[in-house]
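Please walk through this structure with me, one part after another.

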There are 2 protein chains.
Amino acid sequence: MQLIDGKATAAAIKKEIAEEVERIVAAGGKRPHLAAVLVGHDGGSETYVRNKVLACEACGFESTLIRYEDDVTEAELLACVDRLNHHDEVDGFIVQLPLPAHISEQKIIEAIDYRKDVDGFHPINVGRMAIGLPCFISATPKGILELLQRYHIETTGRKCVILGRSNIVGKPMAQLMMQKLYGNATVTVCHSQSTDLKKEAREADILIAAVGSPAFVTADMVKPGAVVIDVGTTRVPDASRPKGFRLQGDVDFEQVAPLCSYITPVPGGVGPMTICMLMMNTLAAGKKEIYA
Amino acid sequence: MQLIDGKATAAAIKKEIAEEVERIVAAGGKRPHLAAVLVGHDGGSETYVRNKVLACEACGFESTLIRYEDDVTEAELLACVDRLNHHDEVDGFIVQLPLPAHISEQKIIEAIDYRKDVDGFHPINVGRMAIGLPCFISATPKGILELLQRYHIETTGRKCVILGRSNIVGKPMAQLMMQKLYGNATVTVCHSQSTDLKKEAREADILIAAVGSPAFVTADMVKPGAVVIDVGTTRVPDASRPKGFRLQGDVDFEQVAPLCSYITPVPGGVGPMTICMLMMNTLAAGKKEIYA
């Protein structure tokens, strides 16, 4: 069993990005510039956004953090999106989710210029990904593809089973894994309504768990030799930890790991890759690699 | 074994649409108006477009056919799309594919206002479908959903195997069949690179064949009692037919039909539903049901 080290991979990629940025700047080019919009003071969101700003620094990007209180109106937020859409210096930006209930997340997402949508949530990017056109691919699925690639894990023709059908992981992952251009695998998507999810999971050469249920994947659901990718990050109360909780994946790691050829740990697997992929998308935006 | 009669279902739907149009007109509303753009004189395209115009008549729609010769420039075609985008009377329009090689189909598709994109090929509609938002769903997948629904075929929790991963059938079909809102099924997508396609197919409660290879699906690939949906329509030379060919599905009908609970014939199964779904989309466009 080999551990897929997302933390080390993410660090290596950030170093590669930083080196490329220095080459761009040395050649007279502009540093990529990411803006992040944060509404309110949700603990998780604060942490994510802080880590995104730190990642920008590590990559040599410019970054701008725009903060609003919880009572910001939808109109104010839309006006902010509009300013960022037209801001010449900003290459890409994100609006950190979730947003307060009085603001339509979908309306905000659709207001973002898709050419600056480095989160890859705008329907144009989602649609272009589905039909295999150049686009911003959202961070978690992109990070998983990157891990598979950097660990030279063969996917073509192999059976990939995805547990979960969320818009941000399960569905895009399925689309990517089935495409010739990316995974080129035989893909099955299981979810809460699947009649025999355990049996389906056992067929997987590559099992991607994204259900958000701690230790959901047990040893009897994994074929010996399978590659297991754990996308779950549930906060489980744990008095022994300084923060009072620990992150628990969707996979019962102790049971499952000995069966696998490769497995991602939680934390330190898929998680560190997501912010890193946001950086990759921002670099691509800065270079106008995807959209002119 | 019950035959799924696409021809009769399509006729019934067109009648329902025509009745609704008459109610709309009687209430002082406007007849839905579909425009079709046809480039060149390809036999298949001529037939499709003629049938679309006839279907408009059957449904009580206005229709406009715009013809160009093969040597039309991309710029001329883009100008035509722009005129139709801004044409107040036209609710929806299609540009019949394929286009001559000197014209980028993707560029034309993306130039169409997604609110008039009744073919559902614009990335915005593709993306909105993927994430479960209201949108124009393209005709073939929509027609298959409609057949399953009208024949009261349960899909929730069942295993749906899709053979083929084209942008117009396999991929959107997978997205629809896995969504809670539509199929709510466990979905597997197989293709040319799948290691054991036959075995996968045999697992299907609902088997959707869209590979474009005549009689590809044989009896050993079908579980007894399965629902088999045949999307294939290959022209096979046949001297005994007036036109010199017959349409052959992806399924070896003689062998497979006795095994099935339900099966679509070719012709007369999925085929007749596609134009009918274009009419449904045009009605929705006329009523501004999806986009304001």
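Begin with one residue pair: A:Leu38 has A:Arg67 as its bridge partner in strand 3 of chain A. The model is a predicted one. Widen the view to the two strands involved. Strand 2 of chain A (residues 33–39) pairs with strand 3 of chain A over seven bridges. The sense of this pairing is parallel.

Now take in the whole sheet. Three strands of chain A form it, in the order 3-2-4. The sheet is open, and its pairing is parallel. Which strands stand at the edges? They are strand 3 (62–68) and strand 4 (92–95) of chain A. Each has a single partner strand, so one side of each is left without a neighbour in the sheet. On average, neighbouring strands of this sheet are turned by 15° against each other, with direction ignored.

Next, go to the contact between the chains. Chain A gives 26 residues to this contact, and chain B gives 25 residues. Look at the side of chain A that touches chain B. Helix 5 (123–130), helix 7 (170–178) and strand 6 (186–190) of chain A are the elements that each give two or more residues to that side. Which element of chain A gives the largest share? Helix 5 of chain A does, with seven residues. By class, this side of chain A has nine nonpolar, twelve polar and five charged residues.

Strand pairing also links the two chains. Strand 6 of chain A pairs with strand 6 of chain B (residues 186–190). The sense here is antiparallel, and the pairing runs over three bridges.

Finish inside chain B, with two helices. Helix 6 of chain B spans residues 139–150, and helix 7 of chain B spans residues 170–178. Their axes come within 9 Å and cross at roughly 40°. Helix 6 of chain B makes the contact through B:Pro141, B:Ile144 and B:Leu145. From helix 7 of chain B come B:Pro172, B:Met173 and B:Leu176. Sorted by class, this helix contact has six nonpolar residues, no polar ones and no charged ones.

Methods: Residues numbered from 1 in each chain as written. Chains lettered and ligands numbered in written order. Predicted model: local features only at pLDDT ≥ 70, side-chain atom pairs only at ≥ 80, totals over all residues. Axes fitted to C-alpha atoms, helices over the stretch in contact; angles between N-to-C directions. Helix = DSSP H or I, 4+ residues; strand = E, 2+ residues; numbered from the N terminus. Contact = placed C-beta atoms within 7 Å. Nonpolar A, V, L, I, M, F, W, Y, C, P; charged D, E, K, R; others polar. Pairing = 2+ DSSP bridges.
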